[in-house]
Amino acid sequence: MDSDLGPQGVETVCEVCEVELDRISEVAQLTDQDLELLRQPRRRINANIPVRMDDGSVDVFPSFRIQYNSARGPTKGGIRFHPGVNEDEVDELAFLMTLKCAVVDIPFGGAKGGVQVDPDDLSPGEIERLSRAYVREYHDTIGPHSDIPAPDVNTNAQIMAWMRDEYERIEGRHAPGAITGKPPELDGSEGRDSATSLGGAEILDAFAERVGIDSTETDVAIQGFGNVGSHLAAFLDERGYNVVAISNAAGGVSNESGLPIHEILDGYETEHDLFTVDAEEISNEQLLTMDVDVLIPAAIEDQINGSNMTEIQADAIVEMANGPTTPKADAYLSEQGVPVVPDILANAGGVTVSYFEWVQNTSNEYWSKDRVQKKLRKQMRMAFESIAERKTETQNEWTWREAAYSRAVDAVLTAETFRSNIPGGTDQ
Ligand code: NAD
């Protein structure tokens, strides 16, 4: 087993957070009080939820909601349904959401929720009853101005619609802003399904402009062809990038003159549909070590790690998955001068459009897809520029990740200071 991976070969996102917090605390000289505020969530809630199953029996599902930091606004974060969900993981993801919202400067704090369940074992009716029961358990702590859930792993727009409906039944009034990621037909936002990818494409454009590369001469390899990877491949193809390799859990395909992305997308239903195009078949490991201009991990965590970091040949990495690079690999790439645009910036387009959904819900004014996308592109550009500026201020000594974490941490601590939760406010 590689030394930077944990007991199950998995390195949690929080270890990355810890490493970054330590690094930021050195460069930004955070006090012990700052660190005390940042290292632990404001509120942890859990509940064992009983759900009536189709056969009449009752199963009990452990669940969590963690509201990490609300200094900058109501907490925001998805709910995942997964057998491996546990409190530590939800803590970590809630912390990451706090930073992500701060990086793109949307007025939310960070939260995350989860239920320990394998949804493949449940019927649609059982999933609906579990989703509604989750809202009943946490109703007192969520709401449009306190904590706003959204979809995450194994939860989707239909589940958000059930959750919103349950919340409104309890409240006895219309409250669409209590949950985001709803279907567009039920007060969801246009453009949410491809928002993470459009945000990532905009960040890559901004990065290319800054380092002086031309999209039409840029070879890109993308790992993962799910929601994020497939939309991103389409956006990059439309912007003139040469997408030379893509993959999913079953493996990948490559063609150095560029893959026919729209042709692949047209018939894409199963993971094996990738292999119907005229291209060379490659493994995921081969894709990660290809000699490309930009490598984009858009599948799962820990893909660039101690065992393959010395093989990485890409000139730059843009993290669309959450936590795809382990701290050990990140440090190595930094020594090698390979820029890594971090997840909390590159994949923040999704939460940005969730914020737009909340704005639309709370103002009762609905926007076209074109308007949503224009606003998203602008927000992502502003976030990129402010992080680039921070790098410039440090004569590029900081990596993209350090600059992004430091900006996020500063924003959270500034809000805490104005609230007088740490010294520097007036109420001392
Ligand atoms: P998804 O489930 O739709 O797609 C995941 C893709 O990764 C699939 O193509 C799957 O086949 C592939 N995959 C799974 N295991 C793999 C492996 N071992 N090797 C190679 N490929 C593998 O998920 P998604 O919504 O596209 O999310 C992808 C990543 O982006 C995740 O890390 C997620 O947390 C992150 N993310 C997603 C969003 C969003 O809006 N969907 C927002 C922010 C971050």
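1. Setting aside neighbours within four places in sequence, S189 touches P184, V353, E357, Q360 and V372. Bear in mind as you read that this is a predicted model.

2. Where does S189 sit relative to α5 and α6? You'll find S189 in the loop that links α5 (157-171) to α6 (195-211).

3. Is S189 buried or exposed? Its relative accessibility is 2%, so S189 counts as buried, the cut-off for that label being under 20%.

4. The side chain of S189 makes a polar contact with the side chain of Q360, at 3.1 Å.

5. Now for the ligand. There are 19 residues around the ligand, and the ones that come nearest are T196, N227, V228, A249 and E271. By type, the shell around the ligand splits into eight nonpolar residues, nine polar ones and two charged ones.

6. Backbone atoms are worth checking here too. A polar backbone atom of F225 is 2.9 Å from an oxygen atom of the ligand. For A249, a backbone N or O atom lies 2.9 Å from a ligand oxygen, and for A299 a backbone N or O atom lies 3.3 Å from a ligand oxygen.

7. How much of the ligand's accessible area does the protein cover? On its own the ligand has 840 Å² of accessible area, and the protein covers 70% of that.

Methods. Residues numbered from 1 in each chain as written. Predicted model: local features only at pLDDT ≥ 70, side-chain atom pairs only at ≥ 80, totals over all residues. Heavy atoms only, no water. Helix = DSSP H or I, 4+ residues; strand = E, 2+ residues; numbered from the N terminus. Buried < 20%, exposed > 50% of the residue type's maximum accessible area, 1.4 Å probe, protein only. Polar contact = N/O pair within 3.5 Å; in protein donor to acceptor, adjacent residues only side chain to side chain. Contact = heavy atoms within 4.5 Å. Near = heavy atom within 4 Å. Areas by Shrake-Rupley, 256 points an atom, 1.4 Å probe, with all protein chains shown as cover. Nonpolar A, V, L, I, M, F, W, Y, C, P; charged D, E, K, R; others polar.
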